[in-house]
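Please look at the sequence and the model before reading on.

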Amino acid sequence: MIELLDIDFYFGKTPALKDINITIKEGEKIVLLGPNGSGKSTLLKIIAGLIFPKKGKYLYNGVHINARKLKDKEFEKTFRKSVQIMFQEPDIMLFNPSVYEEIAFGPLLFGMYNVEERVKRISDLLGITGLLKRPVYLLSGGEKAKVALASILVLEPALLLLDEPTAYLDIKSTKKLCGIIKEGSFTTLVAMHDIHIAKHFGRRFIVISKEHRVVFDGTYSELLKSNVVENYSFFEPEEIECNREKAYEKR
Amino acid sequence: MHIPDGMISPKMYIPLHIVNAGLVVYGFKKIQRKIDEKTLPYIASLSALSFVLMFLQVPLPGGTSVHGVGVAPLAIIFGPWTGFVSISIVLLVQAIFMGVGGITSFSVNALCIGFFGSFTAYYTYLLMKKITGEKPALFIAGFFAIIVAAFFIALSLGIQPVIAHSQDGQPLYFPFGLKTTIPVLLVPHIFVGIGEGLLTLLIYTFVKKRLHNE
Amino acid sequence: MNKDRLMLLILFFEILLLSFVNNTVFLALYLFLIILLFLVKGGEVNGLILTIKRVIAFSFVLSIAFYLHSLFTGENPYRYILLFNLRLFDMVFSVLFFRDFANPVRAFSFSKTLSYMFTLTYSQIQLFLKVHSEFNMVMRSRMVKSGSYKERLLFFAKMTEYFFKKALRRAENTAMAMKSRGFFLYD
Ligand SMILES: Nc1ncnc2c1ncn2[C@@H]1O[C@H](COP(=O)(O)OP(=O)(O)O)[C@@H](O)[C@H]1O
Ligand SMILES: [Mg+2]
């Protein structure tokens, strides 16, 4: 579904990604790990077709995505509808007068049917039905994150890109979100930096280093065994778990 | 510096609202020709920036500080039309969402501070840069932007008793004439002007270079 | 027409009416009614007090100044003082009423650009207000306020740089977010 070939990206002279080669098949659930500033957000924006690599190629379903290709409005329409991204600061995604209009914005724009029902279903799922009439600019950070999530999930995209989606969410909503990702048929790519939460968000783990290169690509158990965990001390290898202290003996 | 509601007669604010709306639309289109799709978020961001610039306290030696308005650095760095449109938007947001400033006085505030302030700052800077060099030019541009804005506000208020009074000569909106408003507004604004001059100088030297490094 | 847009029209009408009418009895009656309506509809008293606080200094200074002025001219100052204060508070409370009981963004949605502009600007103002107060706390806790001139200058430079960079990056990111949501696809 996605092929990233030898991709480099720079902001002016500041490097953000180097030599990125990743292939993603349909339906894969991927977690993108890396310390702050490693280039996770940049990679997601490239995959979403919002910025374009300075070197290398990005193919989506075999189509080379670049500025020229996206000038084709018909192509851009199908591409944008099937690839949806949640930004690291979810409130920049919100610009409509009310939560309902925010969630209905995409479905109306892309001409989906049963908009009202879709909005209702997704807001029930995320527990924000009570907010539908509220203006978005008065919501809290967590509420804004849920509304942003709802506005992209409602489009039922084929590829879902989430940039540190749990940063503003409480445990309950985090659990809900990883359930949605597990059950959903879409391909997901979730950027995160906390390995303990991350392990619930996918089966394939890709690690980007401080030097903006891919240094690991594999399963969770392989990740724990690999030297990445020691060399890149951005995550603690130990699981934080409560001890099983017995206060009473079993009868 | 903002005039609240009730001070400007409808004879004046109705035509000025129309003029201001026309200028904002013209300015917006002008910016749009340059940056296209980014215009809306760009103006929104710079409006929020101009809001926060009004709060900033510029440090002075000896533990004190002064305020500026932030119109001059915005106009010099991003251009006078951008400065004007952003300040109009933020004044409107303040009047409607935050109850600061006013709805009837909106266009006087936006035109005096936003329009005359921005264009004075921008062209004073361009002119003075050739004569005095960059740093003094920045200070002078900030200073004059405020003085000119304050002068136009004094003018708008000061003509109210002339254009709007009752039959027995009682004022209906603002009571004092030009002889009062001009000195009363200009003298304290000398200090705001100094604040704005310093703000412009500091922002331009400390911040502008770093923006271009990105 | 939605309720919010109707309320905006009513607000414009009110402001226009209030700015043309110079009858103090009418203005006083209006003030009484708008406050009553505000409280009956469950408006917050705190909001009312905050609004009064915002304009009280201006009202006070102008009242005193006109009183002193009248000592020289010999005219009766009370009619004007009453008139301008009533008009000021009438207008200010009308806006408060609108803001509290309507959704201002929806009210302006006859212009899509304006309503998007309001949401984006106001969200970012709230963010900046929060960050600004955090900067002030840092300044206090790190004793920058009483530090040397150079320290204070440096802190000021850091703070303004943050706001400029944040504003520009946010504009950039917002444009991308709007694009990815299909904002520019249909006009
Ligand atoms: N708009 C931008 N302008 C300049 N540099 C940027 C911009 N966005 C990101 N960067 C830089 O690019 C690098 C990668 O950033 P990013 O992709 O946001 O990392 P992550 O999401 O992993 O924290 C960082 O060094 C960051 O400072
Ligand atoms: Mg990031």
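## A salt bridge in chain C

With a relative accessible area of 26%, Lys165(C) is classed as partly exposed. This description, like the others below, refers to a predicted model. The salt-bridge partner of Lys165(C) is Glu161(C), and their closest N and O atoms lie 3.1 Å apart. Glu161(C) is buried, because its relative accessibility is 11% and the limit for a buried residue is under 20%.

Both residues belong to helix H7 of chain C, which spans residues 149–180; they are 4 residues apart, so about one helical turn separates them.

## Salt bridges in chain A

Counted over all chains, the structure contains 20 salt bridges. One of them pairs Glu164(A) with Lys40(A) through their side chains, at an N to O distance of 3.8 Å. Glu164(A) is found in the loop between strand S7 (159–163) and helix H7 (171–183) of chain A, whereas Lys40(A) is in helix H1 of chain A; the pair therefore ties together parts that lie 124 residues apart in sequence. Both Glu164(A) and Lys40(A) are buried.

A further salt bridge links Lys73(A) and Glu76(A), with 3.4 Å between the closest N and O atoms. These two residues are 3 residues apart, about one turn, in helix H3 (residues 73–82) of chain A. Lys73(A) is partly exposed at 37% relative accessible area, whereas Glu76(A) is buried at 5%.

Ser41(A) is part of helix H1 (residues 40–47) of chain A, and Gln88(A) is part of the loop between strand S6 (83–86) and helix H4 (99–109) of chain A, so the pair connects parts that are 47 residues apart in sequence.

The relative accessibility of Ser41(A) is 18%, so this residue counts as buried. Gln88(A), by contrast, has a relative accessible area of 35% and is partly exposed.

Terms used
Residues are numbered from 1 along each chain as its sequence is written. Chains are lettered from A and ligands numbered from 1 in the order in which they are written. This is a predicted model: local features need pLDDT of at least 70, side-chain atom pairs count only at pLDDT 80 or more; totals for chains, interfaces and linings use all residues. Side-chain values use heavy atoms; hydrogens and water are left out. Buried means under 20% relative accessible area, exposed over 50%, partly exposed in between (1.4 Å probe, protein chains only). A salt bridge is a side-chain nitrogen of Lys or Arg within 4 Å of a carboxyl oxygen of Asp or Glu.
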